[in-house]
Amino acid sequence: MSSHIERTMAELATGNYTRPNPKLVNLSNLTAAETKLFAQTWTGIEVKLRRQIIEQLVELTEDNVELNFDSIFQYCLTDRDAVVRSKAIEGLWECEDVSLVSPLIERLNQDISPEVQMVAVTALGNFALLAEFNKIRSRYAAMVAQALLAAVGDQTRAVAVRCRALEAVAVLSWPEVKDAIEQAYHGDNRELRASAIYAMGRNGDPAWLPILIPELTSADATMRGEAATACGELGEEEATPYLAQLIDDPDANVALAAIEALGKVGGAEAKKRLQQLLAEPEETIKQAAREALAELETTEDPFSFRMGNP
């Protein structure tokens, strides 16, 4: 066992911790024996310090892809503190190991914290995306889909968890997923209806357009904004004239969503309308139009970012 790891854990056990702590890199790629030592030390560290440590470990993995704290994050999935559990799941978001599927489903189904459940849903959504592209075995795909769909339909759960579950599972082009989206859309809960509209975009099926286009004129600004975002994800030029009308929406967020969507949909009409916005006096609108045009041009020419062509 590395003496660096032993010294790092001994230092953490004393509670003398300053952030950022460069010594935490010593905890990367722990062996089974080293993870056991970590676990023995971790249980004696006060909760405030455990939160600080796990937060920094997550930050370190975001800054340096060569660092790997997965064994620590997996151990912390059952930490007695909900914040630590949430951060541990966040730390595993880039991990595509299907051995995580069952522990994540366990967090979704058994954790008492809605916040932890929502983070688990997001992580399971990454596996749903892998399933859609046939990058994980069918049995794991089924486990993920069933867990997320069950969460959507569970009326005893926090609505926010059900919404995130619907949005996460939406990437699957399964009939059961489409049924769940449609059922949520036609339900009575406003938050779930908004998530259903967003999910239609993630689902990627142009068959949702007959629902989305009328929603662009909804009396509810949230619905208009979600519909604009969804139309952008679908990328169908049929929506362009309706999105163009939303640029003058009284709700600034809706207008910005419409501009961003035009950049994703593309086409001559969208490009013309976005170019016109560059003459607008409102800097927020002009900046959104610039970004949308950049998105549009990248789609038209994937190599437009090459040197000499800003």
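This is a predicted model: local features need pLDDT of at least 70, side-chain atom pairs count only at pLDDT 80 or more; totals for chains, interfaces and linings use all residues.
## Helix H8: the buried side

Tyr140, Ala141, Val144, Ala145, Ala147, Leu148, Ala151 and Val152 are the buried residues of helix H8. They take up an arc of only 165° around the axis, so they sit on the same side of H8.

What do the buried residues of H8 pack against? Their partners are helix H6 (101–110), helix H7 (114–132) and helix H9 (159–169).

## Helix H8: the other face and the length

On the face turned away from the buried side of H8 you'll find the exposed residues Ser138, Arg139, Gln146 and Gly153.

H8 runs over residues 138–153, which is 16 residues, and at 1.5 Å a residue it should span 22 Å.

## The largest pocket

The largest pocket has a volume of about 260 Å³, and 13 residues line it. Which of them lie nearest its centre? Those are Thr61, Asp70, Gly91, Glu94 and Cys95.

Helix H3 (47–63) and helix H5 (82–91) are the elements that give two or more residues to this lining. H3 provides the largest share, with three residues. Sorted by class, the lining of the largest pocket has five nonpolar, four polar and four charged residues.

## The second largest pocket

The second largest pocket has a volume of about 210 Å³. H8 turns up again here: H8 and helix H10 (175–185) each supply at least two residues of the lining. Among the lining residues are Leu149, Val152, Gly153, Ala180, Gln183 and Ala184. Val152 is also one of the buried residues of H8, while Gly153 is exposed.

Others in this lining include Arg162, Asp188, Asn189 and Leu192. By class, the lining of the second largest pocket is made of five nonpolar, five polar and two charged residues.

## Helix H15

Helix H15 covers residues 252–265. Its 14 residues reach 20 Å from the first C-alpha to the last, close to the 20 Å expected at 1.5 Å a residue.

Which residues of H15 are buried? They are Val254, Ala255, Ala257, Ala258, Ile259, Ala261, Leu262, Gly263 and Val265. What covers them includes helix H13 (221–234), helix H14 (240–245), helix H16 (268–277) and helix H17 (283–300).

Technical notes: Residues are numbered from 1 along each chain as its sequence is written. Side-chain values use heavy atoms; hydrogens and water are left out. Helices (H or I, at least four residues) and strands (E, at least two) are DSSP runs, numbered from the N terminus. The expected span of a helix is 1.5 Å times one less than its number of residues. Buried means under 20% relative accessible area, exposed over 50%, partly exposed in between (1.4 Å probe, protein chains only). The arc is that of the directions from the helix axis to the C-beta atoms. Contact means heavy atoms within 4.5 Å. On a 1 Å grid over the protein atoms alone, a cavity is a set of points where a 1.4 Å probe fits but cannot get out, and a pocket is an open set with protein on both sides within 12 Å along at least five of seven lines; lining residues have an atom within 4 Å of a point. Grid points are joined across faces, edges and corners, and a volume is the space filled by probe spheres set on the points. Ala, Val, Leu, Ile, Met, Phe, Trp, Tyr, Cys and Pro count as nonpolar, Asp, Glu, Lys and Arg as charged, and the others, Gly among them, as polar.
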